[in-house]
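The sequence and the model come first.

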Amino acid sequence: MTQRTALHFTVLGTVQGVGFRPYVHRLATGLGLDGWVANAGGHVEGTVAGRSDAVERFGRQLGTGVPALAKVRQVLLSTGSTQPPTPGSGFAVRPSAHGRHDTAGREIPPDAATCADCLGELFTVGDRRYRYPFINCTSCGPRATVIEDLPYDRVRTTMRAFRLCPDCGDEYRDPADRRFHAEPLACPACGPQLSWNGLAAEAALGAAVSAIRAGGIVAVKGLGGYQLVCDAADQACVAELRRRKRRPSKPFAVMVQHIAAARKLASVGQTEQRLLESPVRPVVLLNARAPSPLAATVHPGTHRIGLFLPTTGLHHLLLHDLGRPLVVTSGNLADEPIVTDDAEARLRLGGIADGFLVHDRPIHARYDDSVVQAVGRSVLTVRRARGLAPAPMPLPRPATVPLVAAGAQLKHTFALAGGPWAHIGTHTGGLADLAAFDAFTQGYRDLKRLTGLEPQAVAHDLHPDYLSTQWARAQGLPCIPVQHHHAHLAACAAEHQLRTPFTGVAYDGLGLGDDGTLWGGEVLVGDLTGYRRVGRFATAPLPGGEAAVRRPSRMALGHLYGAESLGSPRPYRWLTEGFTQRLDPAEVSTVRAMVQRGVNCPRASSAGRLFDAVASLLGLADTVSYEGEAAQALEAAAGDEHARPLALRILLSRGVWVYDSSPTLTDLLERRAAGEPTGRLAAAFHLTVAIATAELVGRAVADGAPRTVCLAGGCFVNRRLLTEVRRRLRAQGLRVLVPSDVPVGDGGISYGQAAIAAARLAKE
């Protein structure tokens with residue numbers, strides 16, 4: 001007789017809400033095994049029993065061939081101290097074990113876009129879910145936006161109010177059905193319904209379609225918040241949306257029906273197609289085609305357009321019925337968080353939307369759309385939100401105690417860390433807005449509950465005026481201050497599981513340095529516990545402080561009148577006259593006096609502010625309505641132009657290699673005065689910064705710095721800059737690392753803070 005054995009298993013990872021229990025059920029029954037499987041806390045566990053060879057095979061196969069949305073981190077198998085199932089009892093999916101506190105293994109599944117099977121049903125006449133907007137299965141649909149607690153079961157989601165009809169109940173209980181234990185399961189008979197001003201279901205959808213077709217702006221309740229939708233080709237409508245939303249120039253995202261429609265609007269490579277069609281369905285930044293059928297005001301001042309494909313059945317229906325590209329942008333006023341509550345939506349969006357297409361499924365957690373771009377075959381995350389957050393990221397040094405990382409101020413995220421993982425909260429926005437700060441604190445409370453982590457320490461930025469820093473210091477926990485650019489680079493190093501020292505290039509707008517001055521163009525050498533500064537950009541004053549961020553012309557004047565004196569003369573006066581003559585003479589005079597007297601002119605070694613200054617000197621942007629607008633205009637002007645570099649100078653100052661930008665600006669103005677085209681000069685500037693970076697890093701390496709180089713900071717969203725810098729560093733034989741799953745800008749700061757705090761605590 002063949003020996004009968006039993007095996008207990010525990011699977012950690014993203015294994016709840018992704019069809020993992022049905023997968024285990026199919027595997028076990030296919031091998032003729034008895035036993036059970038259940039969600040427990042944040043993991044999946046169970047027991048199998050049967051022929052020893054079948055049990056052994058189960059153990060080998062468990063964790064392989066898993067559902068597409070699952071991510072198995074660890075499989076634990078044990079043969080002792082388990083109650084073997086009765087022979088012939090079969091295999092069952094048991095009710096979840098609630099109240100278990102396996103905080104190290106808890107993972108919240110992100111939302112996933114409508115899968116191909118559900119999409120087929122959505123448009124199949126006669127299917128009982130034909131044109132049902134909330135169609136989903138174990139491979140797709142809402143997850144993080146509806147989960148209130150773990151283990152992941154319907155009763156702990158916002159779907160608990162919708163009682164399954166007999167047909168859905170049969171699907172839910174049938175192991176052979178792809179909706180077996182699909183917790184958001186619904187159909188027209190028992191699930192959420194659309195409404196529009198007293199109309200329901202198809203009538204409501206038809207009213208919204210008619211409003212958009214007639215040139216209206218519609219607020220649509222999406223997965224993680226409200227979205228504002230209009231015809232992307234309607235110039236007047238897009239302009240009106242900008243006026244009402246108070247968003248004068250920041251590009252809008254455009255949703256298209258399928259990949260063929262995307263190709264009509266932009267150049268789509270293989271990597272970009274993979275991103276567009278992935279279950280994440282992020283907004284993908286692409287090179288726009290010209291001429292374009294879209295309104296010129298969709299993405300003004302840039303040749304890049306953000307496109308994405310439908311994420312829900314409702315989106316598919318809207319695009320199918322309208323047959324045109326749609327602007328689909330966050331349901332908020334400029335700088336506010338996306339609206340999730342129905343009553344709040346009427347209040348906050350009532351002055352923007354001409355109508356509201358809503359439904360009765362509550363949104364538990366706020367998630368905006370994720371934004372990514374391809375740089376060659378690499379993927380860069382710009383905003384980590386729906387579909388990506390709050391999936392955990394690994395920590396090179398496990399957190400010995402649970403901790404929270406408070407993040408920065410702009411493009412804010414926070415992170416909760418415990419053991420080997422850090423859970424990065426969704427994109428919040430700028431914390432200067434009270435509503436955004438409230439969204440942060442609410443998101444923190446929710447993620448604490450879901451992960452089961454109760455922080456015993458808090459990491460934060462050095463800047464005392466950041467609301468994230470002030471919040472951190474008010475928590476009553478031990479504080480771990482982390483320098484801004486060290487956190488940028490640590491995020492890159494941690495994503496690549498780098499435990500050894502590295503050389504880091506951190507280029508962004510502004511961050512407080514450990515010397516009390518503002519940094520932003522930095523070359524550091526360090527590891528996850530500390531660093532030293534080995535290179536930087538020359539400093540220049542920021543006339544009026546934050547006013548210089550909003551007015552690149554002021555930043556240009558700061559460079560012209562007060563760039564750090566390193567032995568290079570500033571541009572001759574006759575070269576600057578053409579620039580200053582187009583500005584308000586009173587402002588020019590005031591700024592000159594401020595710089596000369598050192599009044600409200602903090603100095604910064606910022607790469608981002610240098611890009612702003614050059615954009616203004618070239619007449620591309622004197623004022624901006626959002627951060628990065630001037631640099632974006634400069635990148636757009638450069639395009640694919642070929643150019644010879646501008647003059648530059650690298651020198652040693654107090655033991656630190658410094659890029660002196662005064663020769664660069666002088667050469668720029670001389671070549672502009674000689675009639676060189678703006679686009680060629682913009683390209684020359686990008687090339688010059690890349691050469692300067694390679695020289696700074698090269699000299700640091702010659703002095704003994706590590707040959708592994710991490711690149712991070714918001715300036716590297718600039719594809720031309722990243723490509724030029726990476727190529728030149730690799731040409732020196734250096735290993736170059738760039739963040740991919742974590743935002744390269746300030747959205748990655750919290751993860752870097754968590755990695756540093758965990759490493760420091762482990763070292764103590």
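Aspartate 461 is buried, with a relative accessible area of 0%, where buried means under 20% relative accessible area, exposed over 50% and partly exposed in between, computed with a 1.4 Å probe and protein chains only. The residue lies in strand β20 (residues 457-461); helices (H or I, at least four residues) and strands (E, at least two) are DSSP runs numbered from the N terminus.

Not counting residues up to four places away in sequence, aspartate 461 touches Gly407, Tyr466, Thr469, Val482, His484 and Gln753, a contact being heavy atoms within 4.5 Å. The side chains of aspartate 461 and histidine 484 are joined by a polar contact of 2.9 Å, that is, a pair of N or O atoms within 3.5 Å, of which, within protein, one must be able to donate a hydrogen and the other to accept it, with residues adjacent in sequence counted only if both atoms are side-chain atoms.

## Basis of the model

The model is predicted, so that local features need pLDDT of at least 70 and side-chain atom pairs count only at pLDDT 80 or more, whereas totals for chains, interfaces and linings use all residues. Residues are numbered from 1 along each chain as its sequence is written, and side-chain values use heavy atoms, with hydrogens and water left out.

Twelve of the 15 residues are buried, so α23 is largely enclosed by the rest of the structure. The buried residues of α23 pack against β18 (392-405), β19 (415-424), β20, β21 (479-482) and α13 (484-495), and they include Gln753, which is also one of the contacts of aspartate 461.

Helix α20 (residues 662-673) reaches 17 Å from its first C-alpha to its last, close to the 16 Å expected for its twelve residues. Nine of the twelve are buried, so α20 too is largely enclosed by the rest of the structure. Its buried residues, among them Asp667 and Arg671, pack against elements including α15 (552-562), α18 (607-617) and α21. Glycine 675, whose phi is positive, near 95°, follows α20.

## Nonpolar cores

A nonpolar core is a set of buried Ala, Val, Leu, Ile, Met, Phe, Trp, Tyr and Cys residues joined through side-chain atoms within 4.5 Å. The largest has 73 residues, of which Tyr507, Leu711, Phe716 and Leu729 touch the most other members. Helix α21 (residues 678-702) gives the most to this core, with 13 residues. Apart from it lies another core, of 41 residues, among them Leu403, Ala405, Ala417 and Tyr466.

## Arginine 244

Arginine 244 lies in helix α6 (residues 235-245), and a polar atom of its side chain is 2.6 Å from the backbone oxygen of isoleucine 352.

## The chain as a whole

The protein chain has 23 helices and 30 strands, and 62% of its 764 residues count as buried. Along its principal axes the C-alpha trace spans about 95 × 65 × 45 Å.

Note on methods:
The expected span of a helix is 1.5 Å times one less than its number of residues.
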